[in-house]
Each structure stands twice: as C-alpha cells, then as structure tokens.
Amino acid sequence: MAAANIQQIRMTSGKRRGMLAPALILWAIVVIAFLGVAWVSTDISELYPNFYILPWVLLTGIVILAPSIYLWYRGRFDLFHPLVFAAWIYLFPAFVIGGIIVAFGWVEWYFLSFIEDPHYTLPLTLVYISVGFLGLTAGFFLPIGKWTSDIISPRLPAAWNWRPEQLWIGGIILLFLGIGINILGFLQGVLGFQRNIDIGMFDGLLYYLVIFLTMGTIVLWISIFSVEKRTGIFYIVLALLLLFIPLRTAFMGSRAGLLIGLLPIVFGYYASGRKLNLKTGSIFAVLGILSVIIGIAYGTSFRNLKGGEGRADAVSYTEKVGATIDQLIDMDTSILAADTAQSLANRLENLTSVAVVVSNYEKLAPYEASHGLENNIVNDLYTSFIPRFIWADKPPTSDARSYSDLYFSFGENSFAISPFADLLRNFGVIGIPLGMLVLGFYLRLIYSLLIETPTPAIWKQTAYYLLLGVVSYESFYALIFPSMVRTLFVLIVGLLILRLFASSNDVTSVRKGFALK
C-alpha cells in the first residue's frame with residue numbers, strides 16, 4: 001500500500017513537472033498579448049516610449065532561463081552549472097532586467113543618441129543575444145565537450161584526492177601568496193581602482209598571479225565545509241577568510257566586491273556536497289541581495305570621492321577608503337537609498353551599450369585598426385602565448401579604453417562589451433552563434449572533466465571554479481581563451497604547491513602512525 005502511495009506521488013509530481021513548460025508558454029503568450037493591447041489601446045507609449053521592447057525582453061528572458069528550467073525539471077539544477085551561472089550571474093540581470101530598466105526609462109545615458117533607429121536596433125540586439133545564448137547552449141549539450149573530457153580524464157592525477165585537513169597549510173600559503181602579489185600590484189598601480197597609463201613588462205603577470213588568492217580562498221572554503229573535525233586551525237582559517245572579505249572589498253573599490261567575496265562561500269558549500277534547503281537558500285539569497293546593495297553604495301561613493309582611475313600612493317588611497325566609509329555613515333538615508341537605486345540600475349543595464357555596437361560596428365570598422373581593435377580575437381589568440389617581458393612592444397589589441405573611445409567617445413571609462421558584441425565586430429552576425437558554440441564546447445569540457453567526474457576531488461572543484469570564472473560575459477570574447485591558458489599555468493603552479501604541503505602532512509601522519517606502533 002505504501003509503495004503504491006509513493007508511486008502515485010511520483011506520478012503526480014511528474015505530471016506537475018510536465019505541466020510546467022506549457023504553463024510558462026501560456027503565460028508568456030498572455031503577457032505578450034496584454035502588452036500589445038496596452039500599447040495599442042492606451043497612451044502608454046507617451047509615458048514610456050521604450051515600452052515596445054518589453055515583448056523582446058520577455059522572449060530573451062525565456063531563452064536565457066530555458067536551460068535553468070530544464071535542469072530544474074530534470075532534478076539537476078545547480079547555481080554553478082555553466083549555463084545557470086551565465087544566466088543568473090550576468091545575462092538575465094544585464095539584458096532582461098536591464099531591458100526592463102530601459103523600457104521604463106530609468107537610465108539616461110548620454111550615448112543613447114549613438115543608437116540609430118532604436119525601435120529597430122534594440123530589439124535586434126536582444127535577438128543577437130538570444131541567438132548567442134542558444135549557440136552557447138547548443139555547444140554545451142553537443143557531445144564534443146564530453147568526448148574530449150573522456151579522453152583527458154584518465155590522464156589526470158589520480159593520487160591527488162586530498163582530505164580537507166591536508167589542505168590547510170597549502171591553502172593558507174596560496175592565500176597569503178595571493179595577498180602579497182595583490183599588495184605589490186596595488187603599489188604598482190595595476191590592481192584596485194587605479195591603472196597605469198604605461199603598461200609595464202610584468203603588469204600582466206602580476207594581474208594573473210593574483211589567481212593564487214582566489215585559488216587559496218576556494219580551497220579553504222571547501223575545506224571549511226567538508227572537514228569533519230573542527231580543530232583550532234579550522235576557526236583560525238574561518239576568521240581569516242571572513243576578515244579578508246571586507247578588507248579586500250574596501251581596497252578594490254569595486255561595486256561587485258562583496259558579491260565576489262560571497263561566491264566562494266556559496267561554491268564551497270555546494271562543492272562540499274551539502275544541499276540547499278529553504279533555510280540556507282534564504283540566508284544566501286539575503287546575503288546576496290545585501291552584498292549587491294552595500295557593494296553598489298560603497299563602490300559608487302568610493303569612485304566618486306577618488307575622482308578617477310589615476311594612480312594614487314598607498315596613504316592617499318587608504319584615506320579615500322576611510323573617507324568613503326565616513327561619508328556613507330553621515331549621508332541622509334533617503335538620499336543614500338535613491339543614489340544607490342540609481343547606481344544599481346546603471347550597473348545592471350548593459351543592453352544599450354551592446355546596442356551601440358550593433359548600430360555602429362559597420363561604420364566604425366575602418367577606424368578600428370587605428371585604435372588597435374581590428375581582428376582583436378585572432379590577434380589576441382596568437383599574441384597571448386608570448387609574455388610581455390619577452391615581447392616588450394606587444395600591442396594591447398583588446399584595450400577597453402580604446403574600445404570606449406571609439407564607440408562611446410569617452411576613453412576614460414570601460415563600457416560593457418560582451419562576447420556577443422565582440423564576435424559581431426570581428427566576424428559579423430554569423431560569428432555570434434558560432435563563437436558562442438565554441439564557448440559552449442569549452443564549458444561542457446570543464447564541467448564534465450572536473451564536476452561530472454566519477455572521481456571528484458577538491459583540486460578538481462577548485463580548478464573548475466577558476467576556469468569557469470575565465471568566461472566574462474561583459475568583456476571581450478578575445479580575452480577568454482588567452483585568459484584560460486594563463487589561468488591554467490597559474491593553476492598548475494598552485495596545485496603543485498598544494499601537492500607539496502599536502503604530501504608533507506600525509507608523510508607526517510604516516511610517521512606518527514609508525515611511532516604509535
């Protein structure tokens with residue numbers, strides 16, 4: 001009888017899941033019809049002249065969320081699944097929520113005048129983004145990445161299945177090595193909210209060696225959530241990691257600093273094998289919202305006080321950190337809330353910046369060579385293998401400031417680029433689905449190799465987090481695969497450090513075992 005009841009529950013659950021897709025499609029049709037009727041029968045077009053993009057925003061949202069819904073339906077939903085991560089961390093906020101922000105006129109960029117015929121260009125931009133994400137999804141689900149993973153997997157080290165308690169020392173060494181490089185990069189004007197006008201021979205090396213910091217952080221958070229016995233070192237490491245989050249956020253001057261600090265915690269929780277329930281999911285959701293709001297408020301105020309990305313000495317930079325905190329404490333709450341809300345809308349919305357490229361890439365193509373942007377995807381691919389300290393005059397082909405100067409007539413800022421716009425500039429419309437298809441192969445490769453593996457290990461999970469983070473959806477497509485190569489190099493060095501100290505711990509424990517005998 002009990003078995004029959006369980007079977008009935010499963011059948012009912014299956015039927016409910018089976019109704020999800022038709023229900024979503026039906027509601028999408030209803031919403032589109034409602035918006036169309038509202039547009040035709042009311043004066044809403046006068047109040048919100050950009051309301052015409054809402055149906056396109058809705059369709060883009062359906063495309064972006066479709067893999068997440070499918071994975072949830074199959075019981076395989078994971079926030080750090082490549083397609084889910086891309087959708088929820090960047091694409092949905094930037095282009096779907098961003099599209100709603102544009103529709104209601106909550107942003108007033110000076111460069112909106114650069115978009116010719118926005119009634120045509122903005123929907124076209126959303127179509128390009130949808131097609132690109134479909135290409136990414138197709139590349140992920142095609143078997144090429146999985147086949148490649150099956151070839152590589154047997155060749156990975158099988159003996160590196162370290163226990164969490166074996167990684168305390170190695171993780172701490174990586175963390176402090178990354179902190180030291182971060183401080184050096186900060187003093188050199190490479191890291192933090194500052195930049196050198198002249199590119200130094202070792203600036204790129206410093207930038208990528210900071211990966212040690214992220215690597216150590218991930219290893220330690222996974223160990224925190226995985227270790228069975230909580231000893232003194234557990235609490236020391238936990239205090240160190242928690243203390244480092246606000247310190248790094250303060251000196252980064254980034255509006256996403258707190259969120260960047262939260263993601264390794266969530267990943268460590270996932271990677272340890274723990275499952276999110278309503279309580280922990282709610283806690284992480286609240287922390288995520290708070291980290292975004294506080295990060296936006298602090299980052300915006302810090303940048304306004306500093307006044308620009310010019311290099312500053314350590315004392316002056318530190319004083320700006322203190323002045324920012326004092327300003328936020330003394331500011332009127334209503335003014336702070338209004339400024340933060342506007343800054344959040346400005347930060348989320350990236351639809352119009354991509355639309356500027358869609359509108360102008362053909363006209364500006366003849367001028368890209370003079371800005372070092374012509375064929376930047378191919379050029380970056382072959383020049384990335386030669387370090388700048390060997391090729392001192394290596395051209396910076398994918399330079400965000402040159403891009404901003406050409407397309408936005410303002411080279412003092414880094415406007416969102418996105419792989420979609422970069423592929424469009426380099427190869428035309430056909431380049432968007434094909435380029436994202438290749439990226440999908442890469443994402444499936446690292447997911448199958450390091451997460452779907454029959455032999456899970458902390459080092460594989462750490463490698464996956466770093467290689468997943470290589471893909472930036474608001475930067476150049478050209479930088480993805482060169483960054484992957486450099487990240488792999490740093491990753492291998494970091495893993496050798498972990499191996500050295502994990503082995504030392506293991507030898508020590510073995511010796512203690514012989515002594516007891």
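Biologist: By class, how many nonpolar, polar and charged residues does the lining of the largest cavity have?

Modeller: Eight nonpolar, one polar and no charged residues. Here Ala, Val, Leu, Ile, Met, Phe, Trp, Tyr, Cys and Pro count as nonpolar, Asp, Glu, Lys and Arg as charged, and the others, Gly among them, as polar. Bear in mind that this is a predicted model: local features need pLDDT of at least 70, side-chain atom pairs count only at pLDDT 80 or more, and totals for chains, interfaces and linings use all residues. Residues are numbered from 1 along each chain as its sequence is written, and side-chain values use heavy atoms, leaving out hydrogens and water.

Biologist: Thanks! Which residues line the largest cavity?

Modeller: Thr 125, Tyr 128, Ile 129, Val 354, Val 358, Phe 420, Ala 421, Leu 424 and Ile 432. The elements giving two or more residues to that lining are α5 (118-141), α15 and α18. Helices are DSSP runs (H or I, at least four residues), numbered from the N terminus. A cavity is a set of points on a 1 Å grid over the protein atoms alone where a 1.4 Å probe fits but cannot get out, and lining residues have an atom within 4 Å of a point.

Biologist: How much space lies in it?

Modeller: About 30 Å³, taken as the space filled by probe spheres set on the points, with grid points joined across faces, edges and corners.

Biologist: New topic: is α17 largely enclosed or open?

Modeller: Largely enclosed by the rest of the structure, because eight of the nine residues of α17 (residues 400-408) are buried. Buried means under 20% relative accessible area (1.4 Å probe, protein chains only).

Biologist: What covers those buried residues?

Modeller: The cover includes α15 (351-364) and α18 (418-427). Just after α17, Ser 409 takes a positive phi of about 55°.

Biologist: And which residues touch the most other members of the largest nonpolar core?

Modeller: Among them are Tyr 407 and Tyr 442, in a core of 125 residues. Such a core is a set of buried Ala, Val, Leu, Ile, Met, Phe, Trp, Tyr and Cys residues joined through side-chain atoms within 4.5 Å. Helix α4 (residues 82-103) gives the most to this core, with 13 residues.

Biologist: Last one: where does the side chain of Thr 487 reach?

Modeller: To the backbone oxygen of Ser 483, at 2.7 Å. Thr 487 sits in helix α21 (residues 480-516) and is buried, with a relative accessible area of 5%.

Methods
Buried means under 20% relative accessible area, exposed over 50%, partly exposed in between (1.4 Å probe, protein chains only). Contact means heavy atoms within 4.5 Å. A polar contact is a pair of N or O atoms within 3.5 Å; within protein, one must be able to donate a hydrogen and the other to accept it, and residues adjacent in sequence count only if both atoms are side-chain atoms. On a 1 Å grid over the protein atoms alone, a cavity is a set of points where a 1.4 Å probe fits but cannot get out, and a pocket is an open set with protein on both sides within 12 Å along at least five of seven lines; lining residues have an atom within 4 Å of a point.
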